[in-house]
Amino acid sequence: MHLLQTLEHPYTLAAAFSRDGTRLVTAGMNNDLTVWQTANWSREAHINAHDKSVNALALRLDGSVLVTGSSDCTASIRLFPGLEERHRVRDRKKVVSGLAMSPDTGLFAICSYGGRIAAWDFDGQSVAGFKASRGNLTVVAFWANSTQILAGGLGGELTIWSFPGGEPLGAVPAHDIALSALKSDGANGQVWTLGYEGQLKVWDADGWHLVRSAKLSDERITGCWLNLERRCAAVLTAGCIRLFDLDNWTWVDAIEVDSNVLTCAAWSSDGATLAVGSADRRLRILAVD
């Protein structure tokens, strides 16, 4: 890795590249939403998107719609890249903590600190809403051609639900404390999870047995972003961005930065660029060889 660019940006909580790699969208603690043009890293658009922090965001696969989830308990559906809001939706008066786009249908789902999962289409029409946990949920993902939903949070349990019906289909005692990352790999029938304790695990969804696991760090991991196409993960710890090889389960690179609080990351679709947000008002853009 090497540092390409450092951009001034408030405390960043979420980021995503457009599929064609021409834009990066970022959001953060101060309610902002920013679109960057990656050709020269200039700001294309900037708005205050919510009344409180923007905790999660996701782009529709065709790049035409952006959805954001916030501590103001709402999700916003916007045109992209212009950021014109089309609909504002809310399930319950609880913080929206996680968000996922369906790869198969025109739907998105959120999870909340109230332990609920809810889903809408891009016209703001409610599709599902059900209680999935007694504790706070932090991660959510579509599974099985979007006929199922996976979720996790406090307690470390990975739960499986029918979609859109919301019937419980199973639970996996994945981690001891909490889930901090969840990635579905439908092409290989696998699901990846990261626990608060720093353990990365791969699950075979046919029977939900553990395929492989590794303790990534004894330090507090603030985030782990998987790039399954390039078979590597970006792992954030205090003052360091590390790359982990998902095929050989070894560390391959690291770069130290002058920030102890690294908050989020995003991969470009080709895996050649990594954006890393932090609490020091900087957004670091790195090239990955």
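Student: Which residues does serine 259 touch, not counting residues up to four places away in sequence?
Tutor: This is a predicted model, in which local features need pLDDT of at least 70, side-chain atom pairs count only at pLDDT 80 or more, and totals for chains, interfaces and linings use all residues. Residues are numbered from 1 along each chain as its sequence is written, and side-chain values use heavy atoms, with hydrogens and water left out. A contact means heavy atoms within 4.5 Å. Leaving out residues up to four places away in sequence, serine 259 touches Ala238, Gly239, Ser278, Ala279, Asp280 and Arg284.

Student: Does serine 259 count as buried or exposed?
Tutor: Serine 259 is placed in the loop between β25 (250–256) and β26 (262–267); strands are DSSP runs of E, at least two residues long, numbered from the N terminus. Buried means under 20% relative accessible area, exposed over 50%, and partly exposed in between, for a 1.4 Å probe and protein chains only. Because its relative accessibility is 6%, serine 259 counts as buried.

Student: How is the aromatic pair of phenylalanine 130 and tryptophan 161 classed?
Tutor: The structure holds 8 aromatic pairs. Rings of Phe, Tyr and Trp (its six-membered ring) pair if their centres lie within 6.5 Å, with planes under 30 degrees apart stacked, over 60 edge-to-face and the rest tilted. Phenylalanine 130 and tryptophan 161 are 5.6 Å apart centre to centre, and with 45° between the planes their pair is tilted.

Student: How many residues apart are phenylalanine 130 and tryptophan 161?
Tutor: Phenylalanine 130 counts as buried because its relative accessibility is 8%, and tryptophan 161 also counts as buried, at 10%. The pair links distant parts of the chain, from strand β13 (residues 126–131) to strand β16 (residues 158–162), and the separation is 31 residues.

Student: What parts of the chain hold phenylalanine 142 and phenylalanine 163?
Tutor: These two residues form an edge-to-face pair, 5.3 Å centre to centre and with 90° between the planes. Both phenylalanine 142 and phenylalanine 163 are buried. The pair ties together parts that are 21 residues apart in sequence, because phenylalanine 142 lies in strand β14 (residues 137–143) and phenylalanine 163 in the loop between β16 and β17 (168–172).

Student: Does aspartate 62 count as buried or exposed?
Tutor: Aspartate 62 forms a salt bridge with arginine 60, the closest N and O atoms being 3.7 Å apart. Arginine 60 counts as partly exposed because its relative accessibility is 33%. Aspartate 62 has a relative accessibility of 53%, and therefore counts as exposed.

Student: Which residues are linked in a network of salt bridges?
Tutor: A search of the whole structure finds 13 salt bridges. One of them joins aspartate 247 to arginine 231, at 3.0 Å from N to O. The residues linked in a network are Asp72, Arg78, Glu85 and Arg88.

Methods
Helices (H or I, at least four residues) and strands (E, at least two) are DSSP runs, numbered from the N terminus. A salt bridge is a side-chain nitrogen of Lys or Arg within 4 Å of a carboxyl oxygen of Asp or Glu.
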